[in-house]
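Please work through each solution with the structure in view.

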Amino acid sequence: MPLQLVLAKRPTGNIIPGETFNLVNIPTPSVKDIPDRHVLVEALYFSVDPAMRGWLDDRRSYIPPVKIGEVMRSLTVSRVLAVASGVTKFQPGDIVTCMLGIQEVGILPESQVDKAFPIAPGSGLKLSDLLGVLGITGLTAYFGMEKIGKVKPGDTVVVSAAAGATGSVAAQLAKLAGAKRVIGIAGGKEKCRLLKEELGLDEALDYKANDFRQKFKEATPDYVDVFFDNVGGEILDLMLSRANAFARFVICGGISQYNNSTHQGPGKYFFNVITQRVRMEGFIVMDYMKEWPEATAKLAKWVSEGKLKRKETLVKGGIKAAEGALQLLFEGKNVGKVVVEVKGPEDPVAKL
Ligand SMILES: NC(=O)c1ccc[n+]([C@@H]2O[C@H](COP(=O)([O-])OP(=O)(O)OC[C@H]3O[C@@H](n4cnc5c(N)ncnc54)[C@H](OP(=O)(O)O)[C@@H]3O)[C@@H](O)[C@H]2O)c1
């Protein structure tokens with residue numbers, strides 16, 4: 001019987017294994033269960049995102065919280081198993097992307113399912129990239145830099161959580177846009193090595209090191225023109241201390257605060273927003289949905305041409321591994337995009 005990961009109890013801090021979610025079996029759906037204009041799909045890959053933690057809090061946001069008893073929300077790469085009458089866009093076997101949630105199989109309206117961006121053989125791309133560099137995190141990096149960061153040649157650009165899915169792409173896009181100096185901030189020596197040696201950043205700083213503040217000051221002699229923030233809290237405040245006049249602060253995320261009941265905002269250096277005329281702007285990648293196809297094609301081209309490198313932490317073990325995969329993000333144990341593999345496209349199709 002197929003499995004679902006269901007929200008059992010809202011966490012107040014970190015997700016508690018075995019308490020926050022329940023794994024439940026559901027009856028195997030059959031073709032006759034599919035309403036008109038709906039499709040039955042099976043999950044191949046689940047996207048694992050820091051935003052999932054926010055979706056568990058019962059507060060006003062850009063999207064309603066997941067309800068107690070509901071399947072945990074997640075974007076997936078899925079395969080169509082069966083279609084009902086009235087479905088025009090899909091047929092069994094099609095690879096699609098959809099908000100299936102963390103469940104092995106499910107039924108969705110055709111209108112909530114998208115044909116997957118075609119992964120051309122020999123392009124160097126793979127299906128799980130549809131959730132990373134070609135999916136939400138790659139698009140977030142792209143639109144954050146393009147619409148808010150507006151990197152100009154000569155700029156000094158800083159990216160926090162730079163070894164993560166969004167940050168690693170954002171930092172490389174800043175280089176492609178002609179930034180003079182791109183500095184990544186990440187936890188630990190190995191991530192900093194990767195940023196410089198593999199992704200070609202000019203500087204990488206370990207925010208966990210004792211001399212981080214001093215090193216950061218030394219690394220920004222011309223101050224900071226663009227800050228792409230994934231972390232918030234103390235790091236955001238520190239960046240304000242080095243903001244250049246007319247700097248753009250791309251407020252993408254604040255993972256350092258997601259498990260806290262009260263959120264720390266800019267403090268000591270907040271008035272630099274005024275004195276340096278800093279523009280701080282938050283955004284949600286969905287704001288630019290109409291432009292996704294064009295941006296996805298550009299990102300795919302850059303990866304295929306070797307101009308953009310992507311990193312991935314692929315978690316095997318299917319739905320049972322999903323809860324642990326989410327924790328990796330908050331422990332900094334991932335590099336690049338965290339994806340849970342349920343099954344590869346070559347694996348047998350689920351029996352109905
Ligand atoms: N606005 C949007 O539309 C949008 C869309 C997608 C994602 N986001 C946001 O973008 C950010 C990155 O998401 P992602 O999916 O790409 O995740 P990610 O960067 O791949 O993973 C999260 C990383 O955050 C770092 N981190 C965790 N706790 C931290 C802390 N207390 N202080 C500093 N760093 C910490 C860890 O790296 P270290 O080892 O370096 O600590 C970890 O690897 C998140 O804030 C997310 O909410 C926003």
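Strands (E, at least two residues) and helices (H or I, at least four) are DSSP runs, numbered from the N terminus. The model is predicted, and local features need pLDDT of at least 70, side-chain atom pairs pLDDT 80 or more, while totals for chains, interfaces and linings use all residues. Residues are numbered from 1 along each chain as its sequence is written, and side-chain values use heavy atoms, without hydrogens and water.

**Exercise 1.** Determine where Glu42 is placed and whether Glu42 is buried or exposed.

Step 1. Glu42 belongs to strand S3 (residues 38–47).

Step 2. Its relative accessibility is 2%. Buried means under 20% relative accessible area, exposed over 50% and partly exposed in between (1.4 Å probe, protein chains only); Glu42 therefore counts as buried.

**Exercise 2.** Identify the side chain with which the side chain of Glu42 makes a polar contact.

Solution. A polar contact is a pair of N or O atoms within 3.5 Å; within protein, one must be able to donate a hydrogen and the other to accept it, and residues adjacent in sequence count only if both atoms are side-chain atoms. The partner is the side chain of Lys343, at 2.8 Å. The Glu42 side chain also reaches the backbone nitrogen of Ala350 at 3.3 Å.

**Exercise 3.** Locate the ligand relative to the domains.

Step 1. Polar side-chain atoms of Tyr207 and Asn334 lie 2.5 Å and 2.4 Å, respectively, from an oxygen atom of the ligand.

Conventions:
Domain bounds come from an automatic or database domain assignment.
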